[in-house]
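Trainee: I have a structure to read. Please show me how to go about it.

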Amino acid sequence: MALFVGKCILPRRLRNSSPDYSNRTSPKLSLLVDDGAGGQRPRQELAIVSGKLAAAAAEFLEEFVPASQRHLVVEAIKRAFDQHGSRKDRHKVRLRFLVERVGLEAFRELYREQLDQPVRATQSQNLALRWVREDELPALHARLLRLGLADSQPLVLQHLVACTGASTCRLGICLSRELATAIVSTLSRSGLDLDRLGPLRVNISGCPNSCGRHPLGQVGLAGAVRRVNGRLAPHYTVLLGGHLEEGKTSLAAVKGTIPAGTVPAFIERLLAAWLQSDQRHDWSAFLEAQGEQFAWEPLAPY
Ligand code: SF4
């Protein structure tokens, strides 16, 4: 794959295309996927950045980027641009202006600094601290405790993901972050043995867009709106059974729509049903073995 950065505004658009190493004047940030077809070149991934005008050929940023590192490289380039590029003049909000100003070599260093950051945000909205030596762990843990960042929580609460929602997102329908808080509060007070739930993923999006990754949640919730007694009222579409595993990922299935205010109680009832079932160690097995009817039963009151 080649990462081709022309006069792009990062990270607005990425474009995947077949390998065309002769054409490096693409005006957008492009990922050129080299699948080795035709045996013309070994299967590999390359990163390219243009430091020149659109008419000029782009230059290599990296000779080789493995597929597993692709998103990290893109993110590091974006952060380098965020910190060192200019957004004052909208006509100059382009990566190439930064590269032209500092030079390709200096830009390479800037982006590599970002690549090597010791803290990374994870897809489950947690932070990953990198390169901590084992003998430093107790001191680090003590410091995090002092900051209130090391409280032990059941995994189901730690893995709960919510998008920004309607409180700040103009596309949002429902208040997804507030729902996440309500779910945490309800489950914490429920008396359920939450540790037995393991790392169950509950994903919440404030609208049908998937910023909260609800189609991948084992329990997915997507903001919706329904008319009740002639008035529009916030609801959530409920999805169950998303599976996340390399080569075996499958999307959750839509099960129905319930009023937003009833979601925390619904989640509590559903998880209680799972814990009482014979398949309490395996969410997928619970959904499969108990069938649609049983899995959906806790929704009946709503
Ligand atoms: S899922 Fe919808 S509400 Fe949430 S951030 Fe995306 S667009 Fe906004």
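Trainee: What pLDDT does the protein average?
Mentor: pLDDT is the predictor's confidence in each residue, from 0 to 100. Here the protein averages 79, and 75% of the residues score at least 70. This is a predicted model: local features need pLDDT of at least 70, side-chain atom pairs count only at pLDDT 80 or more, and totals for chains, interfaces and linings use all residues. Residues are numbered from 1 along each chain as its sequence is written.

Trainee: Where is confidence lowest, and where highest?
Mentor: Helices (H or I, at least four residues) and strands (E, at least two) are DSSP runs, numbered from the N terminus. Strand 1 (residues 2-5) is lowest, with a mean of 39. Strand 9 (residues 202-205) is highest, at 97. Over residues 41-55 the pLDDT is below 50.

Trainee: How do I describe two packed helices?
Mentor: Use the angle between their axes and the distance between the axes. Axes are lines fitted to C-alpha atoms, for helices over the stretch in contact, and angles run from 0 to 180 degrees between N-to-C directions. The axes of helix 2 (residues 95-102) and helix 3 (residues 104-115) come within 6 Å and cross at roughly 115 degrees. So helix 2 is roughly perpendicular to helix 3 (under 35 degrees is roughly parallel, over 145 roughly antiparallel, 65 to 115 roughly perpendicular, the rest oblique).

Trainee: Which residues of helix 2 and helix 3 make the contact?
Mentor: Two residues are in contact if their C-beta atoms, placed from the backbone, lie within 7 Å. Helix 2 gives Leu98, Val99 and Val102; helix 3 gives Leu104, Ala106, Phe107 and Leu110.

Trainee: How many residues surround the ligand?
Mentor: 13 residues surround the ligand, and Cys163, Cys169, Gly172, Gly206 and Cys211 are the closest. A residue counts if its C-beta atom, placed from the backbone, lies within 6 Å.
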